[in-house]
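Please consult the sequence and structure shown here while reading.

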Amino acid sequence: MSLLNNVFKFFLSQRIHDIQRFMENPHEFQHLIFKEIITKAKNTEWGKAHGYHDGLTYHEYRQNVPVSTYEDIYPYIERMLRGEQNVLWPATIDWFSKSSGTTNDRSKFIPVSQEAVDETHHKAGKDMMCLYGYSFPDTKVFTGKSLSIGGTHYTNPYNPQSRVGDVSAIIVEHLPMWVEFIRAPEKEIFFIPKWEDKINKMVETCIDENITSLTGVPTWMIVVINEVLKSQKKTNILEVWPNLELFMHGAVAFGPYKNLFKTLIPSDQFNYLELYNASEGFFGVQDRPYADDMLLMVDHGIFYEFMPLHNIGKPYPDTLTLDRVVINEPYALIITTNAGLYRYMIGDTVKFTSVNPYRIKITGRTKSFINAFGEELVVENADHAIAEACLKTGAVITDYTAAPCYFSTNNNKGGHEWFIEFAKMPNDLLHFTKILDTSLREINSDYDAKRYNDMALQPPKINSVPQNTFYKWLKTKNKLGGQNKVPRLSNDRKIADELLAIV
């Protein structure tokens, strides 16, 4: 296995020069990708309707094509789901990624082309391991297997000639044969549709494997690790997999889970790698070991635009290409892809931490915030405050969400109600609440103004909910496993009231 480890490292290291090239020439790579997508799509129904031609400029593109949400383009996607081709993309589309839809009960079906599999998802997968090997040249990660968790796929109910499923399942289904030697569990287990059955089989078949890395959403990886520990009667996962060295994670901010993972994997030598992957594409990889931002992948078949948040809702807003962005400003991410999404607003907000090279941080969701009283609380604020409160009180959380408390006839002040599932309770919940509140005031001036002398906002109210509350809530939504996650912030009481009913 040592020889195999060296072979894999050598193979991946050959890509580092290409990565350095796109880091040094990002605008050139973005121009080429834009041109390639337009050229391929010019004879599709969408391309003809929106004036695509070989010499189309970005200025013309922005004039011809409105910024779209999923609801805007769903009529096109529905026809593709039913088997029509050459609608949004010229190549045959026979796979659709079913997204979790965190802030909406309705799932989305995102077309996945072969180009998206090869040039976006698989290419980014190789690059993330290349960057990891570059940062840790003595890595032994390829001496064992990578344990990954995800969803499944099934026959498209609208058209039996195509399939729909979690993006993780689509990626695994299309992996080269040689990758199967270094991943676990076997495909048959990975694709088990029922979450509880899948976990039981994973535990049964993987406890004796030499697992050296983990890949998945933190919330679901915690479930897997705890089930392994329970089955083996161990206290930390290194007692089961002593050569474990890396966790590659995405989908949710990692800060609130850091303390829990340090408990489950108590080693200062253990490494974490953040990924920015979604149903629509693979956008970023952490390229520096101890940084908290990600390198924007500008040569992976995706053309990027960035919308200042005050423009959300305008059909032809002022959007920025990479050469116009500035650091520390929040933007809605707009993408044009090699699977037929054009000026598509995926729902995430990001900010740049660097423009040479371009590095980003996810700051939240365009629909995941609380602004019931003008406080403009975003997910980045909430994640930071939760992590700060955990750090200063020794608390460890499993999951959380928050919602507004509205004015009542007995009280003319609003507030926020937090639902937190603790793996380890703070000794003093009131002290935890004060740290959370203080941290939010320090990083959000609008929140601070509303909290001044409790004039508009009362102190936050925290509900410590029983273990598995969020698991039960996700189960009621048929959203166990895969890329599914709990919305952090809601501007209404729907999720809060559903959780109260469960508790």
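## Cavities

In this predicted model, the count of cavities of 30 Å³ or more comes to three. The largest cavity has a volume of about 50 Å³. Its lining is made up of Leu131, Tyr132, Ser135, Phe136, Tyr272, Leu273, Gln286, Asp287, Arg288 and Pro289.

Helix 7 and strand 9 each supply at least two residues of the lining of the largest cavity, and helix 7 gives the most, with three residues. By class, this lining divides into six nonpolar, two polar and two charged residues.

## The second largest pocket

The second largest pocket has a volume of about 870 Å³. It is lined by 40 residues, of which Gly125, Met128, Ile171, Leu175 and Thr215 are the closest to its centre. Two or more lining residues come from each of the following elements: helix 1 (2-13), helix 7 (114-135), strand 3 (145-148), helix 8 (167-173), strand 7 (211-216), strand 8 (246-249) and strand 9 (271-278).

Helix 7 contributes the largest share of the lining of this pocket, six residues. In terms of residue class, the lining of the second largest pocket comprises 21 nonpolar, 16 polar and three charged residues.

## His121 in helix 7

Helix 7, which contributes to the linings of both the largest cavity and the second largest pocket, also contains His121. Is this histidine, His121, buried or exposed? His121 counts as buried because its relative accessibility is 6%, below the 20% cut-off.

When residues up to four places away in sequence are not counted, His121 touches Ala116, Val167, Ile171, Ala278, Ser279, Gly281 and Phe282. One of these contacts, Ile171, is also among the residues closest to the centre of the second largest pocket.

Four strands form an open sheet in the order 2-1-5-4, with mixed pairing. Strand 2 (108-112) and strand 4 (153-155) are the edge strands, each pairing on one side only. From one strand to the next, the twist averages 30 degrees.

Strand 4 and strand 5 (residues 163-165) run antiparallel and are joined by three bridges. Tyr154 has Val164 in strand 5 as its bridge partner. Helix 6 (residues 70-81) lies across strand 1 (95-99), strand 2 and strand 5, and runs at about 65 degrees to strand 2.

Strand 14 (residues 344-355) is largely enclosed by the rest of the structure, because 10 of its 12 residues are buried. Strand 14 pairs with strand 13 (residues 331-337) in the antiparallel sense over four bridges, and Ile335 stands opposite Tyr344 in strand 14.

Val355 stands opposite Tyr358 in strand 15. The hairpin that joins strand 14 to strand 15 passes through two residues.

Strand 19 (residues 415-424) pairs with strand 20 in the parallel sense over four bridges. Within this pairing, Phe419 has Asn463 in strand 20 as its bridge partner.

## Val252 in a loop

Val252 is located in the loop between strand 8 and helix 12 (258-264). Val252 counts as buried because its relative accessible area is 11%, under the 20% limit.

Which residues are in contact with Val252, leaving aside its neighbours within four places in sequence? They are Val217, Pro218, Tyr257, Lys485 and Arg488. The C-alpha atom of Val252 is separated by 9.4 Å from that of Gly364, and the two residues are 112 residues apart along the chain.

Conventions. Residues are numbered from 1 along each chain as its sequence is written. This is a predicted model: local features need pLDDT of at least 70, side-chain atom pairs count only at pLDDT 80 or more; totals for chains, interfaces and linings use all residues. Side-chain values use heavy atoms; hydrogens and water are left out. On a 1 Å grid over the protein atoms alone, a cavity is a set of points where a 1.4 Å probe fits but cannot get out, and a pocket is an open set with protein on both sides within 12 Å along at least five of seven lines; lining residues have an atom within 4 Å of a point. Grid points are joined across faces, edges and corners, and a volume is the space filled by probe spheres set on the points. Ala, Val, Leu, Ile, Met, Phe, Trp, Tyr, Cys and Pro count as nonpolar, Asp, Glu, Lys and Arg as charged, and the others, Gly among them, as polar. Two strands pair if DSSP finds at least two bridges between them. Axes are lines fitted to C-alpha atoms, for helices over the stretch in contact, and angles run from 0 to 180 degrees between N-to-C directions. Contact means heavy atoms within 4.5 Å. Buried means under 20% relative accessible area, exposed over 50%, partly exposed in between (1.4 Å probe, protein chains only).
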